[in-house]
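Please look through the sequence and the structure shown here before reading on. The numbered points that follow are meant to be read with the view open.

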Amino acid sequence: MASLNKNNAKYIPFFVGWALLWIFIQWNVLLKFGITETEAIVDSYLSNILLAASCFMVFNNMKYYLPKNEKYWYIVAVSFVLSCCWLIIIRVILWYIFKNDEHYISTLQQSSTIRFGFAFLMIGCMSTISLLYYTQKDQQRTIEQQKEIQQLAKDAELFKLRQQLQPHFLFNSLNSISALTATQPENARHMIQQLSDFLRGTIKKDDQHKNSLAEELQYLELYLDIEKVRFGHRLKTEINVAENIQQMELPSLILQPVVENAIKFGLYDTIGEVTISIAAKKEDETLVVTVQNPFDAETAQPLQGTGFGLASIKRRLFLLFARQDLLQTKTENDHFITTIIIPQAI
Amino acid sequence: MKCIIIDDEPLARMMVKEYLQAYPDIEIVQECNDGFEGIKAIQQYQPDLIFLDIQMPKINGFEMLELIDDPPQVIFTTAFEEYAIKAFETHAADYLLKPFSKERFDKAIQKLLLQKNNAVNNTQAIVETASRSVVQSNRIVVKDGGKIKIIPVPQIQYVEAADDYVKIHTADGLFLKKKTMQYLEDSLQQQQFIRVHRSFIINTQLITRIDPY
């Protein structure tokens with residue numbers, strides 16, 4: 001028999017109290033029929049404990065099998081069968097124990113009908129309660145699931161919106177191009193071309209699409225090149241990729257927002273040169289990418305820095321892999337480290 | 001006429017410099033990478049005009065202005081900051097959205113030359129509006145001797161009035177800021193702060209005991 005879960009455990013005292021009440025009643029009634037004290041106690045305890053066990057069984061079974069059609073016939077049938085079994089068992093056991101006392105045996109035989117009726121009602125009530133209880137729970141779960149589905153759809157939509165370019169990045173890049181046109185037209189043209197490639201990348205990829213690490217890094221380079229034109233004097237990058245992992249796969253455009261976050265965090269939280277380190281390696285059939293940026297522990301505002309950008313990546317990883325632990329952040333000696341773990345399909 | 005360009009992106013400064021070539025009267029005395037350099041340069045050169053970016057390292061353009069006692073005229077240059085644009089529009093200030101054209105730039109300069117005196121009051125009002133933005137409501141920037149200190153708002157224990165200044169008490173000590181109590185009360189509004197007295201604003205999160213009086 002299955003064990004009770006935590007939620008149902010709170011009903012146990014009530015259940016036990018109810019059984020004790022009926023033990024007491026039956027004991028009293030039996031005494032009135034001129035049955036000895038011992039017989040009355042054994043009889044009432046045995047009958048009611050067995051009955052309680054049957055009720056408990058019904059309640060527990062409903063957890064795993066909830067009849068959808070003809071449920072009331074199901075209740076009647078279950079109650080009937082269980083009451084019959086129960087009656088036969090207690091009659092056999094009680095007859096076996098007290099077979100020498102004729103008065104008791106005849107009372108036992110005469111009271112069979114009323115015992116059966118009582119058990120039938122008890123088990124019937126219990127099954128009805130269980131049925132209602134689990135049906136209601138089921139409905140609640142369905143409602144919750146629907147809510148969650150709606151929320152997910154909404155999130156997906158929001159996420160799509162979020163995936164679009166940071167307007168700040170776009171306008172500043174355009175401004176840089178504008179500045180270059182007069183004095184360095186060649187560079188301006190080069191940057192326009194890079195920005196176009198970058199934009200094309202963000203438009204065409206869908207959420208489920210996977211890229212090889214090599215492709216993703218290439219795309220990242222494009223982004224970093226643009227940022228370096230903007231912050232040339234301050235921004236340095238180090239990319240460190242272990243050998244033989246170029247073909248490992250990861251969701252498209254997952255790295256760029258992390259790096260963007262690191263750059264934003266690094267460049268706006270410190271003064272002077274900023275080095276963003278990106279490293280990728282293989283670890284137990286997963287691809288582990290770490291992005292590291294300097295920050296000022298004293299003034300950093302986690303809410304502002306790690307808020308929206310990383311939360312949406314975490315969400316995306318969760319939607320793709322159903323795991324919450326794939327994006328981790330930590331701080332180490334004035335460095336902020338973001339780690340992304342990408343499980344590989346085997 | 002002296003001017004300073006403050007922007008963390010060199011190409012953005014180059015853009016302004018290029019457009020300014022058409023104005024021989026306006027002399028660029030300094031270019032700054034961030035707000036700290038900006039404050040130093042403004043104190044040193046006392047310029048008539050600054051071109052100021054909003055999003056910059058450590059302290060943003062508005063926070064820099066807050067630390068200057070007598071700010072010069074400002075032309076804001078920004079790419080995309082919703083709260084900044086809101087602040088500008090509330091006070092009809094002139095601002096240049098990057099990337100901006102030469103025509104737009106000329107218009108801003110002309111407008112500025114015409115209404116010289118109004119502009120300064122306007123700057124104060126803009127800074128005040130901007131101080132209520134999400135970014136800035138989390139922290140307060142003060143001058144601490146020669147240095148600039150950024151105080152996260154939750155670390156403020158209480159604020160006390162002191163003539164033209166307010167004293168900001170934190171676990172690290174006491175900092176002065178040249179602002180009114182009203183100004184601080186407004187910018188700390190969203191947080192757990194209460195003005196318990198004409199001269200005191202306290203952080204309700206840090207209350208350990210209340211004595212009945």
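Predicted model: local features only at pLDDT ≥ 70, side-chain atom pairs only at ≥ 80, totals over all residues.

1. Of the 213 residues in chain B, 36% are buried. Among the contacts in chain B that link residues at least 6 apart in sequence, 56% are between residues at least 24 apart.

2. Turning to the meeting of the two chains, the contact draws 21 residues from chain B and 24 residues from chain A. On the side of chain B that touches chain A, the elements that give two or more residues are α1 and β7 (147–152) of chain B, and α1(B) supplies the largest share, with 6 residues. Sorted by class, this side of chain B has 13 nonpolar, 2 polar and 6 charged residues.

3. How do the axes of helix α7 of chain A and helix α1 of chain B cross? The axes of α7 (residues 167–183) of chain A and α1 (residues 10–20) of chain B come within 8 Å and cross at roughly 50°, which means that α7(A) is oblique to α1(B). The crossing in which α7(A) passes α1(B) is left-handed.

4. Which residues make this helix contact? From α7(A) they are N175(A), S176(A), S178(A), A179(A), L180(A) and A182(A), while α1(B) brings L11(B), A12(B), M14(B), M15(B) and E18(B). By class, the contact of α7(A) with α1(B) is made up of 7 nonpolar, 3 polar and 1 charged residues.

How values were computed. Residues numbered from 1 in each chain as written. Chains lettered and ligands numbered in written order. Axes fitted to C-alpha atoms, helices over the stretch in contact; angles between N-to-C directions. Helix = DSSP H or I, 4+ residues; strand = E, 2+ residues; numbered from the N terminus. Parallel < 35°, antiparallel > 145°, perpendicular 65-115°, else oblique. Left-handed = near helix turned anticlockwise from the far one by under 90°. Contact = placed C-beta atoms within 7 Å. Nonpolar A, V, L, I, M, F, W, Y, C, P; charged D, E, K, R; others polar. Buried ≥ 20, exposed ≤ 12 C-beta atoms within 10 Å, placed from the backbone.
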